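This report describes selected features of a predicted model.

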Amino acid sequence: MTVQWVTGFLDFPAAVFEAGQDFWLGVTGYALSPPRGPRADFVTLVPGEGDAYLRVQRIYDGPAGCHLDFHARDWAELAARASGLGAQLVHAEDGLAVFRSPGRLPFCVSGEDGDPVR
């Protein structure tokens, strides 16, 4: 089992989501994807070349922060390995596991994100 792709997430409380999104659009010069998710809480910053690797997420609890998503063909095996290494499972649903590392850093494990180009 190998990590196929890593996506960085910029997490912003709802009150500052648009401001955070607009700031990082300006810094990167990337395009913005349409919002997605049940509450339109996710957007992707789309680079001019290659596949997207930076996303912005609206959060409803806690301060702004960042986290990584690790994508793997066998995401359940990767999630089990992370758990065995001491990660604390915070949330699980089909195709996604949300963890805190032993150092309390948040991260996710999910299925493949297409066949990305580095």
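The largest pocket is lined by 35 residues, and those lying nearest its centre are Phe42, Gln57, His67, Val98 and Cys108. The space in this pocket amounts to about 1,100 Å³. When sorted by class, the lining comprises 14 nonpolar, nine polar and 12 charged residues.

Several strands contribute to this lining. At least two residues each come from strand 1 (3–13), strand 4, strand 5 (65–72), strand 6 (88–93), strand 7 (96–100) and strand 8. The greatest contribution to the lining of the largest pocket is that of strand 5, with five residues.

**Strand pairing**

Strand 3, residues 42–46, is paired with strand 2, residues 31–32, in the antiparallel sense through two bridges. Within this part of the model, Ala31 is positioned opposite Val46 of strand 3. Strand 3 also runs antiparallel to strand 4, to which it is joined by four bridges. Here Val43 is the residue that faces Val56 of strand 4 across the pairing, standing opposite to it. As a general point, side chains in a regular strand alternate between the two faces of the sheet.

The table sets out the two residues examined individually.

| Residue | Strand | Relative accessible area |
|---|---|---|
| Arg58 | strand 4 (residues 54–59) | 15% |
| Val109 | strand 8 (residues 106–110) | 1% |

Is Arg58 buried or exposed? Arg58 counts as buried because its relative accessible area, 15%, falls under the 20% cut-off. The side chain of Arg58 forms a polar contact with the side chain of Glu18, at 3.3 Å. Apart from neighbours within four places in sequence, the contacts of Arg58 are Phe12, Ala14, Phe17, Glu18, Arg39, Ala40 and Asp41.

Val109 belongs to strand 8. With a relative accessible area of 1%, Val109 is likewise under the 20% cut-off and therefore buried. Which residues does Val109 touch, not counting those up to four places away in sequence? They are Phe70, Trp75, Leu78, Ala79, Gly95, Leu96, Ala97 and Phe99. Along the chain, Val109 and Gln88 are 21 residues apart, and their C-alpha atoms are separated by 12 Å.

Note on methods
Residues numbered from 1 in each chain as written. Predicted model: local features only at pLDDT ≥ 70, side-chain atom pairs only at ≥ 80, totals over all residues. Heavy atoms only, no water. Buried < 20%, exposed > 50% of the residue type's maximum accessible area, 1.4 Å probe, protein only. Polar contact = N/O pair within 3.5 Å; in protein donor to acceptor, adjacent residues only side chain to side chain. Contact = heavy atoms within 4.5 Å. Pairing = 2+ DSSP bridges. 1 Å grid on protein atoms, 1.4 Å probe; cavity = no way out; pocket = protein on both sides within 12 Å on 5 of 7 lines; lining within 4 Å. Points joined across faces, edges and corners; volume = space filled by probe spheres on them. Nonpolar A, V, L, I, M, F, W, Y, C, P; charged D, E, K, R; others polar.
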